[in-house]
Amino acid sequence: MIISRTLRLCGRQAKSLTIQKFYSTEKPTWPRKIFSGIQPTGGLHIGNYLGAISRWVELQNTGEDVTYCIVDLHSITLPQDPACLKENILHMTAALLACGIDPQKSVLFLQSDVKQHAELGWILGCHTTMARLGHLPQFKEKSTKVKEIPLGIFVYPVLQAADILLYRATHVPVGEDQVQHLQLAQHLAKTFNTKYGNTFAHCHALVSTDLSNRIKSLRDPTKKMSKSDTDPKSVIFLTDPPDAIVEKVKKAITDFTSAVTFEPDARPGVSNLITIHSLMSGKTPEAICMECTDVDTGKYKGRVAEAVVEHLNPIRMRIEDYSKHPEYLCQVLQEGADRASKVAEETLQEVKDKVGLGRIGSFVKRKSIKTQGN
């Protein structure tokens, strides 16, 4: 049986997240636990914020058991400047705190500070095949962009599975493009459990069913908003000053129809602006269109920009404030890593014992006791 419930977004955003709870006829084995991660490459844009981070905050604030990770190991699948990467990690930490992630309610940590991620990743990698990894869509996409394909691009979905399974997560907030990678985690959990006994929870996807998954590029509304876009006017970052936001919205691609109507398929450009306006203001697309019956798309862009600036200004100011205190940011990550490591080590030791790794002394002692008993 599947039971769905809609969460109400905190603050001024009116957005829903449908969470599926899966029950079998047997008593659930694993307590409900949520895990998610984000790469520290570049700044957060409104697509990241509305589609992922605000969901993290909502889950945290509804009392869920949540663990959030800055996945720096994933970021080095492609070359990174070391100093820039460290700065990006600090900036990402500041941005997450500014958006509402509370270290007292969530476990927030840096992936490379918890060594068990890489170790479990290797063990799980020995339980999957090259054929399965080669069929994953993001490998196909990314491998076409480089002449020599780094091994990390090929195997990082296994590390992603390790991230999830290490904390025995039962639910993972993901975008639609990550569902197949979550299926790999499900497959590895099932494979391992079948071979070695009940070890990992079966994880389920939390895919948002509202507008937050539909934030598109301002310059090409047929594509998702992306920080890697070559056109800087296509993306609104959380740290953009008001004048930059106004300019980007003003230059957003719409069409030759002046009316403000919400038709995502027929009019993706203006519909994208309405989506952003809706999520930033808390108004429904229908209400926005009703309010703008006497406004053309040119003037409407001004209203969108105003809503975005009003919503993001407090976040931008908090990011600036947190960024002035790097020692505090490091402390948050270290305390989170300490908490995460305790859970991770417990899981890893169980895994290693089941596959025959480590703790040889304990094995010999048990074997000796058994022999003496006979």
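Trainee: Is Glu-291 buried, partly exposed or exposed?

Mentor: This is a predicted model. In it, Glu-291 has a relative accessible area of 39%, so this residue is partly exposed. Its salt-bridge partner is Lys-283, with N and O 3.2 Å apart. Lys-283 is likewise classed as partly exposed, at 34%.

Trainee: How many salt bridges does the whole structure hold?

Mentor: The general idea is that side chains of opposite charge can pair when their charged atoms come close. Here the search finds ten salt bridges. One of them joins Asp-240 to Lys-248, the closest N and O atoms being 2.7 Å apart. Asp-240 has 11% relative accessibility and therefore counts as buried; Lys-248, at 10%, is also buried.

Trainee: Where in the chain do Lys-352 and Glu-119 lie?

Mentor: These two residues form a salt bridge whose closest N and O atoms are 3.0 Å apart. The pair connects distant parts of the chain, with Lys-352 in helix H13 (residues 326-355) and Glu-119 in helix H4 (residues 116-125), 233 residues apart. Lys-352 is buried at 14% relative accessible area, whereas Glu-119 is partly exposed at 31%.

Trainee: Let us turn to strands. Which residues of S4 point one way, and which the other?

Mentor: In a regular strand the side chains alternate between the two faces of the sheet. In S4, Val-66, Tyr-68 and Ile-70 point one way, while Thr-67 and Cys-69 point the other way. Strand S4 spans residues 66-70, and five of its five residues are buried.

Trainee: In which sense do S3 and S4 pair, parallel or antiparallel?

Mentor: Strand S3 (residues 34-38) pairs with S4 in the parallel sense, over five bridges. Within this pairing, Ile-38 has Ile-70 as its bridge partner. Between S3 and S4 the chain passes through helix H1 (residues 46-61), and this β-α-β crossover is right-handed.

Trainee: How many bridges join S4 to S5?

Mentor: There are four, and S4 runs parallel to strand S5 (residues 107-110). Here Tyr-68 has Leu-108 as its bridge partner in S5.

How values were computed
Residues are numbered from 1 along each chain as its sequence is written. This is a predicted model: local features need pLDDT of at least 70, side-chain atom pairs count only at pLDDT 80 or more; totals for chains, interfaces and linings use all residues. Side-chain values use heavy atoms; hydrogens and water are left out. A salt bridge is a side-chain nitrogen of Lys or Arg within 4 Å of a carboxyl oxygen of Asp or Glu. Helices (H or I, at least four residues) and strands (E, at least two) are DSSP runs, numbered from the N terminus. Buried means under 20% relative accessible area, exposed over 50%, partly exposed in between (1.4 Å probe, protein chains only). Two strands pair if DSSP finds at least two bridges between them. A crossover is right-handed if, with the strands pointing away from the viewer, the path from the first strand over the helix to the second runs clockwise.
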